[in-house]
Every structure is written in structure tokens, then in C-alpha cells.
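Dear colleague,

Please find below the structure that I was asked to pass on to you.

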Amino acid sequence: QIEKNGIGRPKGYNVSWHSNPDIEKHHFGHAHPMKPWRLTLAKGLIMSYGMHAAMDTFVSRQATREELEDFHSDEYLDYLKTAKVAAPIDDIPVDFNLGGSDCPIFEGLFNYCSMYAGASIDAARKLCNNESDIAINWSGGLHHAKKAEASGFCYVNDIVLAILQLLRKHPRVLYIDIDVHHGDGVEEAFWSTDRVMTLSIHKYDGLNFFPGTGDLDRTGPDSEENPGAHHAVNVPLADGIDDEQYVWLFKTIVGMCVERFQPTAIVLQCGADSLAGDRLGRFNVQVQGHGSCVSYCKSLNIPLLLVGGGGYTPRNVARAWAHETSIAIGCDATLDPIIPMHTPYRQHFRYDTIFPTLEQILAGENRPNRNPDKKIREIIASVTEQLRFVNC
Ligand code: ZL4
Ligand code: CA
Ligand code: ZN
């Protein structure tokens, strides 16, 4: 029996939730798959279960220029700050990869970027100060952004900035990425250090699927003198992987990484585009399986930062992140098909029509599973071999 305080939260276990309604109001433009209002949907669901009462809630702030400069270049930040919505395409320095259909320049862009980054930095600091056991920023997780380049809907890499904060206190940070896309920006940022191990599980077809990197043999810098060698773990998968395979693979590989690398903090990017039925994704992972990855990380009892990421079917994103919030705080009401309607939020959300039941998500697209068990076992064998070279 866990001892609870007055509002029913376990004593001595702190979860902090970092969000800001300002972030949710931005629009990437007509028909763009990235919809910041999915965060409003997730927040509504989290609050209608009353989960906010079980967390320390913080309204996040903009990251300062100095904080953003910890990773990003001066010239890139200058441009990001002044970029005009209607800038003629020829006026945009092509190197920054801004203004195309993936990374459009929209109203309030710099505000949006510095807000989601500020939330991840604050969350990381809560963990550093031992003020939180788990810190959550669902608006973060934008893993493709580079030092001086936007990429794949990501402009500022809040994950890199948060890990840099954690490294001030923590000798070793394990980064885990369950977004359906390869976490290339984070991998690249820590490519040459042995203080961060990156692990990304993703769809990979060696060709078309964005960003086109993340094969099994991409394990770190070639040179053996480079401390970062072997510290990048990549798990490439084909379409249609199901819960059973995904969760087994996740626990096996994360378990091995934790044993070899002995991280003192973990950052888990919970991109919800790995769920079945996602507009851009290709997997058949359910809310339950996705959540099991969070439960497993929590069970390791290592300070944990949870960030969002992709997720392009908003009602599924909200279901998953609400469920994962409930796992963090240690209540498990969210798998109940009946959503509580006793809060004021009921007036703003008609949950019964917006949110599918879990069975409906489960039905998903019903993609055929192109991942034979033999392939999964080969991946595990290859990562086992790779980790023999990791010493801490
Ligand atoms: C869209 O409908 O694979 C953008 C992007 C905008 C609106 C109308 C414009 C139509 C799908 C995607 C033209 C769209 C052309 N609109 C997009 C190579 C590409 C060049 C751009 O989850 N076209 C690029 C990026 C990926 C590419 C995925 C995942 C982020 C994350 C973390 C980023 N880019 C081909 C695509 C649409 C759009 C419809 C789109 N873009 C799908 N996949 C991509 O890992 C947050
Ligand atoms: Ca991934
Ligand atoms: Zn993604």
C-alpha cells in the first residue's frame, strides 16, 4: 500500500508537468500534419481525469537566447527570430532549411520554438535538483533539429538542450526515442561523446522513409579513439510491428543498454506516430504497448524526462499521452473506456465523440506485420554484440 497525501498522490514521489497554452495556438499552415492543438486535446483529457492534482504543474516560459545558444548557432537563431511569414523564398538562406512545406515560417514561430524549448529545459532542471522523479513536457521532443538547420517539423532541438542541462549534474544520460522516425538530430549532437547513449527505434527502409538514416550498423564514429564509438544504438523496423514484438524488443534492448551503460538519467521521447492508425506512421503499436515503454522506464527508478514528439492523428496522441501521464503518477484509470465527465472541461470537449475507444485505435489500419520474429532476434543479437564494446 503506497502512502498518499491529502490529494491522493503518493508521498515522496514527484511528477512535474510543464506546459503552456500559448504553444498550442500556433498553426503550421493548411493541411500540415503537425498540429499543436493536439496538445490542447491531451491537456483536456489529462485534466478531465483530474491528473493535474497529482502533479506539480508549471506554466513554461520561453528559453533565453543564451540557453538556445547552448546548441544552436548565432546566425541560425538570428534568422529564426526575424524570419517573416511572407519572406520571398529567395531571401531565405537555403542552409537553414526554413520556409519549405516541412518547416514553414509561420506566425509566432520563434515564440513557439523558444516556449517548447523552455519547457524541456525547466523539466531537466527539476530532475537535476531532485525536485522531480519524472518531469513531463508533451510539447517537446523535436528530435530532428540541427545546430543550424530546421528539419522535419523541428526548428529548435529541445531534447539536446535538456540533455545538456542534465549533463551538468549527471555523468551519463540514456536517450530513448520511440517516435516512428529516426532521432537523427539528437544522435548527431552527441555522436562524439561517451556520456550520452542514444537509442532510436524507427521505421527504416533504406530509401524513402524520413529522414533516411538509422540503419543497424550506424553505431557511432568509426574511429576507435573517438569516445562516442558504439554509443549510438539504432533499431530499424519494417511496417506493421505489433505490441507484442515492440514491447519485447523495447524491454530487451533498453534493459541491455541500462546494464552496460549505467545511466544516471533517462530521457524518453514518446513520439505518438508509432501508434496504429497514425497519419504518417506505419506501425501497429497500441496505446497499451506504447505506454508499456513508459512503465518499463519508470520501473528502473532513474530520474526520467518524458517528452512528446511526432503524432499526427490528434485523438490518438491525446489518448496515448494522457495514459502515459497516468503511468507517471501511478494511477491507471485511463484505459477505462468511460472518460470522467464530472469536471468543467466537459463543456469544452465532447470526449465521447472526439476520442475513439481503445478498441477503435486497436483496429487501426490493420497493416500487415512485415517484421518476422527472426529479424527481431537478429537485431537483438547485433545490439548485444555492439554493447560489448561499451564500458562505463
Ligand atoms: C506536409 O499535406 O519526407 C507538409 C508534410 C504540408 C500541406 C500541403 C503541402 C503539400 C506530409 C508531410 C506538399 C507536401 C510535401 N502539407 C511534403 C521529403 C519531403 C519533402 C516535403 O515526427 N514533402 C520530405 C518529415 C517528412 C519528407 C517528417 C517527422 C517529424 C517527427 C518529429 C517529419 N518529410 C516529402 C514530403 C502536407 C504535408 C503532408 C510529410 N513530411 C510527411 N513526412 C514528411 O519525427 C516531430
Ligand atoms: Ca525513433
Ligand atoms: Zn515522427
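**Notes on the predicted model**

L237 is found in strand β6, which covers residues 232–237. Please keep in mind that this is a predicted model. Is L237 buried or exposed? Its relative accessible area is 2%, and because buried means under 20%, L237 counts as buried. Along the chain, L237 and R282 are 45 residues apart, and their C-alpha atoms are separated by 9.8 Å.

**The surroundings of ligand 1**

How many residues surround ligand 1? There are 21 of them, and the closest are D102, H143, H144, D273 and Y312. By type, this shell consists of eight nonpolar, nine polar and four charged residues.

Several polar side chains approach the ligand. In the side chain of D102, an N or O atom is 2.5 Å from a nitrogen atom of ligand 1. H144 places a polar side-chain atom 2.7 Å from an oxygen atom of the ligand. For D179, the distance between an N or O atom of the side chain and an oxygen atom of ligand 1 is 3.3 Å. Taken alone, ligand 1 exposes 840 Å², of which the protein buries 63%.

**Cavities**

Rolling a probe the size of a water molecule over the atoms shows where empty space is left. In this structure there are four cavities of 30 Å³ or more. The largest cavity holds about 110 Å³ of space.

Which residues lie nearest the centre of the largest cavity? They are W17, S19, E24, L39 and W138, from a lining of 13 residues. That lining divides into six nonpolar, five polar and two charged residues. Three elements each supply at least two residues of the lining: β1 (15–19), α1 (21–24) and α2 (38–48). The largest share, four residues, comes from α2.

**Helix α2**

The helix α2 also deserves a separate look. Nine of the eleven residues of α2 are buried, and the helix is thus described as mostly covered. The buried residues are R38, L39, L41, A42, G44, L45, I46, M47 and S48. One of these, L39, is also among the residues nearest the centre of the largest cavity. After α2 comes G50, which has a positive phi, near 75°.

Yours sincerely

Definitions and conventions: Residues are numbered from 1 along each chain as its sequence is written. Chains are lettered from A and ligands numbered from 1 in the order in which they are written. This is a predicted model: local features need pLDDT of at least 70, side-chain atom pairs count only at pLDDT 80 or more; totals for chains, interfaces and linings use all residues. Side-chain values use heavy atoms; hydrogens and water are left out. A residue is near a molecule or strand if one of its heavy atoms lies within 4 Å of it. A polar contact is a pair of N or O atoms within 3.5 Å; within protein, one must be able to donate a hydrogen and the other to accept it, and residues adjacent in sequence count only if both atoms are side-chain atoms. Accessible areas come from the Shrake-Rupley method with a 1.4 Å probe; for residues, only the protein chains shown count as cover. Ala, Val, Leu, Ile, Met, Phe, Trp, Tyr, Cys and Pro count as nonpolar, Asp, Glu, Lys and Arg as charged, and the others, Gly among them, as polar. On a 1 Å grid over the protein atoms alone, a cavity is a set of points where a 1.4 Å probe fits but cannot get out, and a pocket is an open set with protein on both sides within 12 Å along at least five of seven lines; lining residues have an atom within 4 Å of a point. Grid points are joined across faces, edges and corners, and a volume is the space filled by probe spheres set on the points. Buried means under 20% relative accessible area, exposed over 50%, partly exposed in between (1.4 Å probe, protein chains only).
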